[in-house]
Amino acid sequence: MEGWVLKGLDYSETSRIVTLWTKEKGKIRALAKGARRLKSPFENSLDLLNLCRFQIIHKGGNALDLVTESRVRESYGGLRHHLPNLYAAYHVAELLSEGTEDLDPHPELFEGVHDTLNWLSTESPETRAPSRMSPKTSWVLIQFEFFYLSQMGYFPDFNHCQNCGQIPSPENPAWIFHADSGVLTCDGCRDKFSAQSTQSAKFPQTFKSRPGPLPPSSMAISPDALDVAGRLGNRKICTEVAVEKIRRELRALLNHYLTWLRGRRPKLLGFLGS
Ligand SMILES: [Zn+2]
C-alpha cells in the first residue's frame with residue numbers, strides 16, 4: 001500500500017501508532033511494533049510526511065492494523081530548508097488527517113496531494129522568500145485547498161445568489177459568502193437567506209474534534225474573486241498566479257470556511273500568510 005505518514009504517537013516502550021493516508025484505503029491507523037527501538041526495523045521511514053510503500057496486515061474488528069514494513073519512496077528533503085513551505089505541507093497533512101474519514105479513499109485527491117507536496121519541496125531556491133511562501137506557492141496551495149473541498153463534496157456554490165438567483169457581476173460589488181451552508185447571496189439578500197442545512201454538520205466528525213467559538217458565518221467577497229474561485233476545484237495546477245488582491249481574498253475565504261467546517265481554526269492557518 002502506498003501513502004503518507006500523517007501522525008505518530010508513542011505506544012508502549014517500543015512501538016508507535018501511526019496515522020497513514022493511503023491511495024488504496026484512505027486514512028488508516030496502524031501499530032508499528034518495534035518502531036521506537038534503537039535498531040528499529042522501520043529506521044526513519046515513519047517520519048512525518050514521508051511517502052512510503054507499506055506492508056499492512058488487516059486485523060479486523062476493533063484491533064489496530066499492523067504495519068510490518070515500510071519503505072520510503074519520497075521524503076521531500078526540500079521542505080527542510082524552507083519553513084513556510086514546510087508549514088504549508090503540514091497544513092495539507094492536517095486537512096487529510098482531521099478532515100477525512102477512516103477507510104474512505106480518494107484516489108484523485110491522492111494525486112493532488114502528491115503534486116502539491118512535490119511542488120512545495122522542489123520549488124527553486126531563487127523564487128523562495130525567506131520568511132513566507134512565494135506568491136506562486138501560496139497560489140498553488142490555494143488551488144489545492146479548493147480541489148480538496150471539491151473532492152470532499154464541500155466546494156461552495158459561487159454561481160448565483162441563493163435567494164434571488166442574481167449572478168455575480170461587477171455592477172453589483174457586494175457579495176456575501178455564508179460559511180455555514182457553503183453558498184453565496186447578494187448583499188440585499190444577506191438577511192433573507194437562512195441556511196437550510198449546515199455544511200459543518202455533515203463534515204467528518206474527526207474534523208470537529210475540539211469545538212470552539214466560531215466567527216460570524218458570513219463574509220464579504222468581491223465579484224472578481226468569485227469569478228476566479230468559480231473556476232477552481234480541479235486538480236490541474238495553474239501556475240499563472242492570480243493578482244495579490246484576489247489571492248488575499250481567497251486565502252481569507254478558505255481560512256473562514258475551513259474554520260467553520262471544522263468547528264475550530266486549523267492549526268497552521270496563522271503560518272500561511274494573508
Ligand atoms: Zn439576492
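**Strand pairing, helix packing and domain contact**

Strand β6 (residues 175-178) pairs with β7 over four bridges, in the antiparallel sense. Two strands count as paired if DSSP finds at least two bridges between them. Helices (H or I, at least four residues) and strands (E, at least two) are DSSP runs, numbered from the N terminus. The model is a predicted one: local features need pLDDT of at least 70, side-chain atom pairs count only at pLDDT 80 or more, and totals for chains, interfaces and linings use all residues. Residue numbers start from 1 along each chain as its sequence is written.

Two packed helices are described by the angle between their axes and the distance between the axes. The axes of helix α1 (residues 83-99) and helix α2 (residues 107-122) come within 9 Å and cross at roughly 165°. Axes are lines fitted to C-alpha atoms, for helices over the stretch in contact, and angles run from 0 to 180 degrees between N-to-C directions. α1 and α2 are therefore roughly antiparallel to each other. Angles over 145 degrees count as roughly antiparallel, those under 35 as roughly parallel, 65 to 115 as roughly perpendicular and the rest as oblique. The crossing of α1 past α2 is left-handed, meaning that the near helix is turned anticlockwise from the far one by less than a right angle (right-handed if clockwise).

On α1, the residues N85, A88, A89, V92 and L96 meet V113, T116, L117 and L120 of α2. Residues are in contact if their C-beta atoms, placed from the backbone, lie within 7 Å. The residues of this helix contact divide into seven nonpolar, two polar and no charged. Here Ala, Val, Leu, Ile, Met, Phe, Trp, Tyr, Cys and Pro count as nonpolar, Asp, Glu, Lys and Arg as charged, and the others, Gly among them, as polar.

The chain is assigned domain 1 (2-74) and domain 2 (77-274), with bounds from an automatic or database domain assignment. Their C-alpha centres lie 29 Å apart. In the contact, 11 residues of domain 1 meet 13 residues of domain 2. On the domain 1 side, β1 (2-11), β2 (15-22) and β3 (26-32) each supply at least two residues. The largest share, three residues, comes from β3. By class, this side has four nonpolar, two polar and five charged residues.

Technical notes:
Two residues are in contact if their C-beta atoms, placed from the backbone, lie within 7 Å.
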